[in-house]
Amino acid sequence: MRIPAPAGPASPASAASPASAPGPRPAAGAPLPGLERFNTAARTAASAALLSCCGSRRWALRLAAHRPYPDLAALLAAADEAGYDLSSADLDEALAAESSSELHPAAPAAAHTALRAAHAAYEAGFGHAFVICLDGVRADERPDRVLAGIRARLTNDPDEERAVAAEELRRLARARLAGMVADRPGEPDSGRPPQPPRHPPRQPAR
């Protein structure tokens, strides 16, 4: 999600599309085109952008309230700290905002069927979408990585899987934040960004 530019002249910045090949990642202390806009945006706009990185409202409000951030490293450190401080309810909210990744429509029908079945089995077992960060994984390798991840994690007990999902959410939030402030929305994400939950989170199967 792009942060609205403040009123007044601003130099244009181009954003890579989600399908584009990742370019070199900026150094943690390098100037980032979206960071100043994020730091100076209205709190409502900043919070909305943050919710596209992690669906916990408390997480988003906390990061928005602590602006300005001098560089990407400071922002990511704050995101990690807020992520580790999520309450059980905050984590439920963040997980409920995630949606299952999908294949490109041109993928073989068998691949779509296998992925849908895997997601359905995971969601039936744990009550939320499968969450995995694939930052740095090539696009053509992601479907196999997702399938393998689901199959491996289906053997976890609910408490163990909740801890794994929380860690993947923190990693996803970092990747999404880095893309957001570098004007590469969606590039490092493994799937779709969080969506407003339509239903209350389901209780994990015991």
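A residue counts here as buried under 20% relative accessible area, as exposed over 50%, and as partly exposed in between (1.4 Å probe, protein chains only). At 34% relative accessibility, Arg171 is therefore partly exposed.

The model is predicted: local features need pLDDT of at least 70, side-chain atom pairs count only at pLDDT 80 or more, and totals for chains, interfaces and linings use all residues. Residues are numbered from 1 along each chain as its sequence is written, and side-chain values use heavy atoms, with hydrogens and water left out.

**Overall fold**

The protein has eight helices and zero strands, where helices (H or I, at least four residues) and strands (E, at least two) are DSSP runs numbered from the N terminus. Along the sequence the pattern reads α-α-α-α-α-α-α-α. Of the 206 residues, 42% are buried. The accessible surface amounts to about 10800 Å², and carbon and sulfur atoms hold 58% of that area; accessible areas come from the Shrake-Rupley method with a 1.4 Å probe, and for residues only the protein chains shown count as cover.

Contact means heavy atoms within 4.5 Å. Among contacts with a separation of 6 or more, 73% involve residues 24 or more positions apart. Asn39 gives a local example: it sits in helix α1 (residues 35-40) and touches Arg67, Pro68 and Tyr69, leaving aside neighbours within four places in sequence. Asn39 counts as buried because its relative accessibility is 17%.

**Salt bridges**

Side chains of opposite charge can pair when their charged atoms come close. With a salt bridge defined as a side-chain nitrogen of Lys or Arg within 4 Å of a carboxyl oxygen of Asp or Glu, the whole structure contains 12. The table lists some of them.

| Pair | N to O distance |
|---|---|
| Glu93 and Arg57 | 2.3 Å |
| Glu168 and Arg171 | 3.3 Å |
| Glu141 and Arg138 | 3.8 Å |

In the pair of Glu93 and Arg57, Glu93 belongs to helix α5 (residues 88-97) and Arg57 to helix α3 (residues 57-65), so the bridge ties together parts that are 36 residues apart in sequence. Glu93 is buried, at 17% relative accessible area, whereas Arg57 is exposed, at 55%.

Glu168 and Arg171 are three residues apart in helix α8 (residues 158-181), so about one helical turn separates them. Glu168 is buried, with a relative accessible area of 11%. Salt bridges that share partners also join Arg62, Glu81 and Asp85 into one network. Glu141, which pairs with Arg138, is partly exposed at 34% relative accessible area.

**The second largest cavity**

Rolling a probe the size of a water molecule over the atoms shows where empty space is left. On a 1 Å grid over the protein atoms alone, a cavity is a set of points where a 1.4 Å probe fits but cannot get out, and lining residues have an atom within 4 Å of a point. Grid points are joined across faces, edges and corners, and a volume is the space filled by probe spheres set on the points.

There are two cavities of 30 Å³ or more. The lining of the second largest cavity divides into six nonpolar, one polar and three charged residues; Ala, Val, Leu, Ile, Met, Phe, Trp, Tyr, Cys and Pro count as nonpolar, Asp, Glu, Lys and Arg as charged, and the others, Gly among them, as polar.

Key:
On a 1 Å grid over the protein atoms alone, a cavity is a set of points where a 1.4 Å probe fits but cannot get out, and a pocket is an open set with protein on both sides within 12 Å along at least five of seven lines; lining residues have an atom within 4 Å of a point.
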